[in-house]
Amino acid sequence: MPLGLRGKKRDKSKETSMLVEAEASVAGGRADEEDAGAAAPPLAAAAPPAPPVPIRLLFHTQLAHGSPTGRVEGFASVRELYARIAEAFHIAPTEIMFCTLNTHKVDMDKLLGVQIGLEDFIFAHVKGVKKEVEVFKSEDSLGLTITDNGNGCAFIKRIKAGSLIDQIKVICVGDHIESINGKSVVGCRHYEVAKNLKDLEKGQTFTLKLIEPLKSFDMIEPRSKGGSFAEGKITRGKETLRLRSKGPATVEEMPSDIEEKAVKKVDDLLEMYMGIRDLELAATMVEAGKGKSNPDEFAVSLDEALGDFAFPDEFVFDVWGAIGDAMQGRF
């Protein structure tokens with residue numbers, strides 16, 4: 001991603017608060033005082049400090065179509081979270097399509113991303129009915145926005161009103177894309193699935209195999225077109241658990257309004273350039289821009305964090321501008 005001459009790469013910033021580690025308060029104090037005339041007892045060797053005691057972060061969860069409440073803990077990534085939920089309900093982790101926070105509905109504005117408020121309730125949406133749809137590609141754009149759950153399941157996050165796909169009512173927001181023209185895309189990232197759909201030849205018919213989330217009777221309603229990023233906070237509560245695809249999760253202060261606006265704008269740019277929505281990716285890019293004074297430094301930081309994406313220069317400049325605009329309150 002050449003953007004001109006770059007200086008020497010900066011060391012990556014260290015995490016300031018690690019998941020489930022905190023200093024335990026060490027009980028102590030002065031020994032009972034002896035009589036004034038008594039000889040002082042010999043000094044004993046100081047006891048070694050007690051080891052840190054893990055903080056127990058416990059989250060409540062249910063299956064979105066209905067289930068008893070389970071409890072999950074001890075996870076540092078989305079993949080590990082799905083494994084814990086699967087253990088709680090005795091299902092395979094691959095059955096979980098995505099999770100929403102504080103609602104059992106297929107609400108893309110409440111989709112679990114990189115932040116979980118410490119008081120959030122997690123609803124897991126599992127695979128339901130399979131369906132196969134033939135689509136005639138009469139336009140270059142299908143009108144789909146794709147995201148994925150970080151565990152090998154790409155699904156539809158948004159359907160643009162009036163688009164080609166919007167006219168096919170059997171295709172819905174939340175549907176997992178299992179295969180395209182017989183080629184499995186299970187395990188592919190959202191940008192790979194979006195590229196496969198974009199590369200389909202105009203004027204040809206293609207076949208999609210989809211799986212919709214399992215629904216209870218009270219959840220059956222007219223399909224949603226997804227909508228935009230939630231206008232409220234990314235999370236609730238004063239602290240959030242930040243999940244990371246690489247490295248340990250951390251307990252952090254809730255993102256500021258400025259950081260949330262920057263993440264939202266970068267997420268919009270991801271949809272514009274790549275046809276995907278990914279709050280984790282957007283938040284990582286905003287984090288990469290912290291402390292950088294020019295686009296070259298930002299490009300180096302992106303290479304270090306997300307070099308596999310090989311973002312085009314135009315996109316990098318637009319992201320750098322969006323982060324700067326957000327930080328200076330220009331939108």
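Predicted model: local features only at pLDDT ≥ 70, side-chain atom pairs only at ≥ 80, totals over all residues.

Biologist: How many helices and strands does the protein chain have?

Modeller: Count the secondary structure elements to start. The protein chain has six helices and twelve strands.

Biologist: What share of the residues counts as buried?

Modeller: Buried means under 20% relative accessible area. Of the 331 residues in the protein chain, 41% fall in that class. The chain exposes about 18,300 Å². Carbon and sulfur atoms supply 53% of that area.

Biologist: What do the contacts say about sequence distance?

Modeller: Take contacts between residues at least 6 apart in sequence. In this chain, 65% of them join residues at least 24 apart.

Biologist: Now the helices. At what angle do α3 and α4 pack?

Modeller: Look at the two axes. Helix α3 covers residues 257-274 and helix α4 covers residues 279-289. They pack at about 120°, and their axes are 8 Å apart. Roughly perpendicular ends at 115 degrees and roughly antiparallel starts over 145, so α3 and α4 are oblique to each other. The crossing of α3 past α4 is right-handed.

Biologist: Which residues make the contact between α3 and α4?

Modeller: From α3 come Ala262, Val263, Val266, Asp267 and Leu270. From α4 come Leu279, Leu281, Ala282, Ala283, Met285 and Val286. Sort them by class: ten are nonpolar, none is polar and one is charged.

Biologist: How does α4 pack with α5?

Modeller: Helix α5 spans residues 295-306. Its angle with α4 is about 135°, with the axes 9 Å apart. That makes α4 oblique to α5. Here too, α4 passes α5 in a right-handed crossing. On the α4 side, the contact uses Leu281, Thr284, Met285, Ala288 and Gly289. On the α5 side, Phe298, Ser301, Leu302, Ala305 and Leu306 take part. This contact has seven nonpolar, three polar and no charged residues.

Biologist: Is His90 buried or exposed?

Modeller: The cut-off for exposed is over 50%. His90 has 75% relative accessibility, so it counts as exposed.

Biologist: Where is Asn102 found?

Modeller: Asn102 lies in the loop between β3 and β4. Its phi is also positive, near 65°. At 32% relative accessibility, Asn102 counts as partly exposed.

Conventions
Residues numbered from 1 in each chain as written. Heavy atoms only, no water. Axes fitted to C-alpha atoms, helices over the stretch in contact; angles between N-to-C directions. Helix = DSSP H or I, 4+ residues; strand = E, 2+ residues; numbered from the N terminus. Parallel < 35°, antiparallel > 145°, perpendicular 65-115°, else oblique. Left-handed = near helix turned anticlockwise from the far one by under 90°. Contact = heavy atoms within 4.5 Å. Nonpolar A, V, L, I, M, F, W, Y, C, P; charged D, E, K, R; others polar. Buried < 20%, exposed > 50% of the residue type's maximum accessible area, 1.4 Å probe, protein only. Areas by Shrake-Rupley, 256 points an atom, 1.4 Å probe, with all protein chains shown as cover.
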